[in-house]
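Subject: Structure for you to look at

Hello,

Here is the structure I said I would pass on. Please open it before reading further, as the notes below are meant to be followed alongside it.

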Amino acid sequence: MWRTALVVSLVAVSLHLFHSYYELEVPAAVMQFMSEYLCRLSVLRAPEEVVAEAWDSLIRHPSVGWTRVAVGVNTCVDVVVSGVGLLKALAVDPGNKVDHDTLRSRDDLKETFSYFMEKGVAAERFFADKELFLNIAQAATQYPGAKHFVGGNAALIGQKLGTNGNMSVLLCGPVGPKLHELLDDRIIVPPESLQEVDEYHLILEYKAGETWGDVEAPHANRFIFSHDTSNGEMNMMETFIASLEEFEPELIVLSGLHMMEGQGKEERDKRLQEISVLIAEIPHEISVHLELASMTDMEYMNTIVHQVLNIVNSIGLNEQELLFISQAGSGPHSSPEYWDRTPDIGMVSDVIFWLLKEYGHTDSQNESDLTRVHFHTLAYHILATVDGYWSNQISSVVAGARIAGSQACGTNTIDPTKVVLKSPMEFVPSQTDKLLKNKKMTLSPTNPVRVWHRENISFFITPVLICVNPVRTVGLGDTISAEGLLYSERK
């Protein structure tokens, strides 16, 4: 049945495109038959299967794709273990649920882990005590079932892009022997990036419904911590920039700013200023995407927003980072109570609109380069672009959502039996715009993408097929952004 449905779907899409491009009338009876047939099939079949097929029919490759991409600069080895299991092995008992900006003890670790496990959201923290961290890291590597993976936003994005056979990928960051062994052979690593010792990050994963004391995780997710001074100072940034002249990339993907949060304010601000100067010197014809990650220092986030966002073309972020930007910049909907569960679509689009209007290039008087925001949360993704700068964004947002479902489940393609559709299917595209807040929009399995416009900014939304039993949650955001960039085309 699914093959018949796919054929009918493709015929329907072809008829629609034929009608759109050549302005020829398709008989009304034919279009009505197609619509009714697809509607009946969507009732008979699981909505997850219908969404997956609709996605496949929507995705197309850009007319001009990237061929050379440079990625930097935070790289490491991820040690992935059961969070609850490791803490029990360390003889750590459940305690209070408190978010500590920096971890300095086992008590800080258990309290912060409990805090985020109860919410079911990802977080990352710096562990200040090097000796204690190394003791915990040794226990983690010896814990039964512990696994080693490519880690760090830059390395994960580079690894994903490196699987594209038509693309050359340069990865610059602190690369030790273990990480070099784990990386795809096709990835180019500058000799100056190689070092004798790896940087390790500990990934404490938990499953949906897993308990620890009185804490029960509403979603599968992870808590990350490290004592990583090389990435924490972004030591490879100068090496990265120096390698660009010879490599000649068309796209640069930059990440790791969040790693500097553990530094002292004066040292951190000085280093961020140096990095901002390096980014600003990148030739304008090279597109620059910045991948953000979890942070807790509002003043530091505000500095990043004012110094860095205006010199990149695109950013990728999740609901925590978007909320934090709004709080740091006194933006809309900045109260955390609105973001505890699946964030309201209208509120998210309001914050993205404010972000692009405030810090993006939405008029000729604004010297900012920012024109693209790729937002991802568990249940849905939104991609917003300033009109005239990017194309193929329906394919981009759909590709990002599709890879989220397949990678989380450890499958090459979407398996409808392993995912569930939980996105809000009816929504208003704004909570503040007078016209849009009274305009209800609907997503459906047969029509899983909606588009709306607010001034000169276009918004694209699609649901996510959430993996019921995730194999691995680390790096999903990085993979989503990488996949979205693969299908994006800058005009």
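In what order do the six strands of the open sheet lie? The order is S3-S4-S10-S7-S2-S5, and the pairing is mixed. Strands are DSSP runs of E with at least two residues, helices are runs of H or I with at least four, and both are numbered from the N terminus. Two strands count as paired if DSSP finds at least two bridges between them. S3 (102-103) and S5 (147-151) are the edge strands; each has a single partner, so one side of each has no neighbour in the sheet.

Before the rest, some notes on the source. This is a predicted model, in which local features need pLDDT of at least 70 and side-chain atom pairs count only at pLDDT 80 or more, while totals for chains, interfaces and linings use all residues. Residues are numbered from 1 along each chain as its sequence is written, and side-chain values use heavy atoms, with hydrogens and water left out.

The pLDDT (the predictor's confidence in each residue, from 0 to 100) averages 90 over the protein, and 91% of the residues score at least 70. Residues 1-8 have a pLDDT below 50, and that stretch makes 14 contacts beyond near neighbours in sequence. Residues 17-24 are also below 50, with five such contacts. A contact means heavy atoms within 4.5 Å.

Back to the sheet. S4 (residues 123-127) pairs with S10 (residues 221-226) in the parallel sense, over four bridges. Glutamate 124 is opposite isoleucine 224 of S10. Helix H6 (residues 130-142) lies across S2 (76-82), S4, S5, S7 (200-206) and S10, and runs at about 60° to S7. For such angles, axes are lines fitted to C-alpha atoms, for helices over the stretch in contact, and the angle runs from 0 to 180 degrees between N-to-C directions.

Next, the interior. A nonpolar core is a set of buried Ala, Val, Leu, Ile, Met, Phe, Trp, Tyr and Cys residues joined through side-chain atoms within 4.5 Å. Buried means under 20% relative accessible area, exposed means over 50%, and partly exposed is in between (1.4 Å probe, protein chains only). The largest core has 115 residues, of which Met237, Phe240, Leu257 and Ile352 touch the most other members. Helix H14 (residues 345-359) supplies the largest share of this core, nine residues. Setting aside residues up to four places away in sequence, isoleucine 352 touches Leu322, Val373, Phe375, Ile382, Ala384 and Phe459. A second, separate core of 28 residues includes Val92, Leu103, Ala137 and Ala140.

Helix H13 (residues 319-328) is largely enclosed by the rest of the structure, because eight of its 10 residues are buried. Among the buried ones are Leu322, Leu323, Phe324 and Ile325. Their cover includes helix H12 (298-307), strand S13 (314-318), H14 and strand S14 (372-376).

Helices H15 (residues 393-409) and H16 (residues 476-486) pack at about 145°, with their axes 8 Å apart. On the H15 side the meeting residues include Ser396, Ala399, Gly400 and Ile403, and on the H16 side they include Leu476, Thr479, Ile480 and Glu483.

Serine 391, in strand S16 (residues 390-391), is 99 residues from arginine 490 in sequence but 6.4 Å from it in space, C-alpha to C-alpha. Apart from residues up to four places away, serine 391 touches Tyr487, Ser488, Glu489 and Lys491. Arginine 490 is also one of the residues touched by serine 287. Serine 287 is in strand S12 (residues 287-291) and is buried, at 3% relative accessibility.

Finally, some backbone points. Most residues other than glycine have a negative phi, and most peptide bonds are trans. Glycine 72 and valine 73 are joined by a cis peptide bond, with omega about 10°; valine 73 is in the loop between S1 (68-72) and S2. Asparagine 392 has a positive phi of about 65°. It lies in the loop between S16 and H15 and is buried, with a relative accessible area of 8%. Glutamate 455 also has a positive phi, near 55°, and is in the loop between S20 (450-454) and S21 (457-463). At 58% relative accessibility, glutamate 455 is exposed.

Regards
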